[in-house]
Amino acid sequence: MAKAINWPQQFRDEVIAEDTEQLRCAFRLGKLYYENQYWVPDEVVDIRVNHRCLRKGKVVGELRQCAIRELSPSDLFMQKQSLQTHAAIIQFLSETYSQPVDENSLVTIVTYQNLPLVPEEMDVQDDGHL
């Protein structure tokens, strides 16, 4: 199974509608992904929603890490439409990770570019953990 960037079900339509030109990013709470350099530049990964692969993406650049309050306007612009404010990120990460999150919480940032949709490869669930 390929490495993946997984989004909750609420982002399914947005992931499908995204283009292949604009860079996107995902934030993951904490240091684990960053310290282990889980994603590496130019790596092709699954872009998943609710553990079902919808498309592929390519990691762009090195992973970065910062406190939520330090996320730049461009970091927020590359995020999902409903997650483009610091407050929205805090709420989303708090709910996703079921733990307290504030503006000083560290996040790992993975930047990626969507690859074209391949309809016959969409909605594949091959996560052996499920």
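Me: Fine, what kind of model is it, and how are residues numbered?

Reply: It is a predicted model, in which local features need pLDDT of at least 70 and side-chain atom pairs count only at pLDDT 80 or more, while totals for chains, interfaces and linings use all residues. Residues are numbered from 1 along each chain as its sequence is written, and side-chain values use heavy atoms, with hydrogens and water left out.

Me: Let's start with strand 3, then: is it buried or exposed?

Reply: Strand 3 covers residues 44-49, and because 5 of its 6 residues are buried, the rest of the structure largely encloses it. Buried here means under 20% relative accessible area, exposed means over 50%, and partly exposed lies in between, with a 1.4 Å probe and protein chains only. Strands are DSSP runs of E with at least two residues, helices are runs of H or I with at least four, and both are numbered from the N terminus.

Me: And which strands pair with it?

Reply: Strand 1 (residues 4-7) runs parallel to strand 3 and is joined to it by 4 bridges, with Ile5 standing opposite Ile47. Strand 4 (residues 52-59) runs antiparallel to strand 3, with 6 bridges between them, and there Val44 has Lys58 as its bridge partner. Two strands count as paired if DSSP finds at least two bridges between them.

Me: What does the turn between strands 3 and 4 look like?

Reply: The two strands form a hairpin with 2 residues between them, and Asn50 in that turn has a positive phi of about 55°. Most residues other than glycine have a negative phi.

Me: Which other residues have a positive phi?

Reply: Among them are Gln37, with phi near 45°, and Asp42, with phi near 70°. Gln37 sits in the loop between helix 2 (32-35) and strand 3, and Asp42 is found in that loop too. Asp42 is exposed, at a relative accessible area of 55%, whereas Gln37 is partly exposed, at 28%.

Me: What does Gln37 touch?

Reply: Leaving aside neighbours within four places in sequence, Gln37 is in contact with Glu62 and Leu63, where contact means heavy atoms within 4.5 Å. Its side chain also reaches the backbone oxygen of Tyr34 at 2.7 Å.

Me: Switching to Gln79, where is it, and is it buried or exposed?

Reply: Gln79 lies in the loop between helix 3 (73-77) and helix 4 (86-97), and it is buried, with a relative accessible area of 4%. Not counting residues up to four places away in sequence, Gln79 touches Trp7, Cys25, Ala26, Phe27, Gln84 and Ile89.

Technical notes
A polar contact is a pair of N or O atoms within 3.5 Å; within protein, one must be able to donate a hydrogen and the other to accept it, and residues adjacent in sequence count only if both atoms are side-chain atoms.
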